[in-house]
Amino acid sequence: MTNTELQRQLETYYTWFHQHPEPAYQETETTAHIKEILDEHGIRILDSGLKTGLIAIIRGEGESASVGHVVAVRGDIDALPILEQTGVPYESLNKGYLHGCGHDYNLTVALGAALLLNERKADFAGEVKVIFQPAEEVAATKEVPTGAVTVINTGALDDVEAFFGTHDTNQGEPGTAFISAGPDSGAVDKYRITVHGRGSHAAHPNGGANPIRVAAALIEGIQSIAGQDVDPVHPRVVTVTHVEAGSTWNVIPATAFLEGTVRTAFPEDRIMIHDRLRAIVEGIASAYDVTTDFEWEYGSPSVINDADWSALFASTATELGLKVEPSQPSLGGEDFSYYLGKAPGAFAHLGVGNGDRPMHGPTFYAKLDAIAAGADLLATVAQRALLRLGEQR
Ligand code: NI
């Protein structure tokens, strides 16, 4: 397949996926269509037991020291509950859903990589697992984990030695790849605090313990952590987003509630902020003679790109004619981090233009000009990673 043929083919695939967006863990048509395309090309699909999403495998038939090594590449496949207002001629047929984060683009890049690796299988040894991951956008809970965790829990990736992934970004034009070593996304944690004071008549506050003044002290204290306790050059956010207490003007309520989010790029900050936050809650509760319930829910960790694999990703992109720029780390969440908890790897952002159309908004869609180059990048970095793993023995 020439680059032009691949480009045209991927544009056709993309259009179908754009028209059929499905939300987290409901990607049944999407999964079926991916499977159909892989089947057409004789690409094997692993029997992973996933209900949505799938893992394809391409086994190289070449001979080199890479035999027996395994790497994985990943594209996510879920959409968002957004009513489309892009104005493109191939609008969503699932009204109320849109690939507002561009996972139609990401999955098409992964699909293109699978086709290329399949074509090139005489040229490499070892195996590449291509992950079509469901539910990247799910609001994960203990009962319903994020898609990466669901995929990892199948055990189908236990032998993977390096992970690579791409995500579209509208902060760059097509043909640009953003890659950096180190933190690339935020750890996404949640906290909830309930203050148990003692309700009383507003005219007799001394007979109770007003949870509202405790909440005020907590808000002050919690928000100061980001400014005072963390290395000033480390990205982080500590935010209070929800406060509730009381119901009328002349009654001091018995309880107050507050919650918010903590986003960090470095694992050590994550632990430190958790500990400071807990200490502030306990200290203020004791000072004001109330009790508190403190809950901290760990979400996905931050994506931390491995230095060597990022360098390989970047040099491969440059050789393939892409313009490589450093990645701008964001404190948004990205569950690719869970794969990097299993084996090192790297995550790159591919420019898709449309910077005036906010991602996760109703007008966003990806420009496709360099989608074949993105697929080539993902396929080629996987081949080169296998080579390098072979050399290391
Ligand atoms: Ni996304």
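Select His103 to begin: this residue is buried, with a relative accessible area of 0%. You are looking at a predicted model, so please read every value below as computed from its coordinates.

**The nickel site**

The ion is coordinated by SG of Cys101 and by NE2 of both His103 and His167, at 2.1 to 2.3 Å. How are the donors spaced along the chain? They follow C-x1-H-x63-H, which is handy if you want to write a selection pattern. Now colour Cys101 by accessibility: its value is 9%, and because buried means under 20%, Cys101 counts as buried.

**Over to His18**

Next, select helix α1, residues 3-19, and pick out His18 within that helix. Is this histidine buried or exposed? His18 has 0% relative accessibility, so it counts as buried. Show the side chain of Asp104 too, and draw a distance: a polar contact of 2.9 Å joins the side chains of His18 and Asp104.

To see what else surrounds His18, leave out its neighbours within four places in sequence. Its contacts are then Glu84, Val88, Tyr90, Glu91, Ser92, Leu98, His99, Asp104 and Tyr365. For one further reference distance, pick the C-alpha atoms of His18 and Ala382, which are separated by 26 Å. Along the chain, these two residues are 364 residues apart.

**An aromatic stop**

Now select Phe163, Phe336, Tyr339 and Phe347, and show their rings. These four residues form one aromatic cluster. Across the structure there are eight aromatic pairs.

**Two backbone angles to check**

Finish with the backbone. Most residues other than glycine have a negative phi.

Where do you find them? Tyr25 lies in the loop between α1 and α2, the latter covering 28-40. Ala135 sits in the loop that runs between β4 (127-133) and α4 (147-153). Tyr25, at 27% relative accessibility, counts as partly exposed, whereas Ala135, at 0%, counts as buried.

Key: Residues are numbered from 1 along each chain as its sequence is written. This is a predicted model: local features need pLDDT of at least 70, side-chain atom pairs count only at pLDDT 80 or more; totals for chains, interfaces and linings use all residues. Side-chain values use heavy atoms; hydrogens and water are left out. Helices (H or I, at least four residues) and strands (E, at least two) are DSSP runs, numbered from the N terminus. Buried means under 20% relative accessible area, exposed over 50%, partly exposed in between (1.4 Å probe, protein chains only). Contact means heavy atoms within 4.5 Å. A polar contact is a pair of N or O atoms within 3.5 Å; within protein, one must be able to donate a hydrogen and the other to accept it, and residues adjacent in sequence count only if both atoms are side-chain atoms. Donors are N, O and S atoms within 2.8 Å of the metal (3.2 Å for Na, K and Ca); water is not among the atoms, so sites may look incomplete. Rings of Phe, Tyr and Trp (its six-membered ring) pair if their centres lie within 6.5 Å; planes under 30 degrees apart count as stacked, over 60 as edge-to-face and the rest as tilted.
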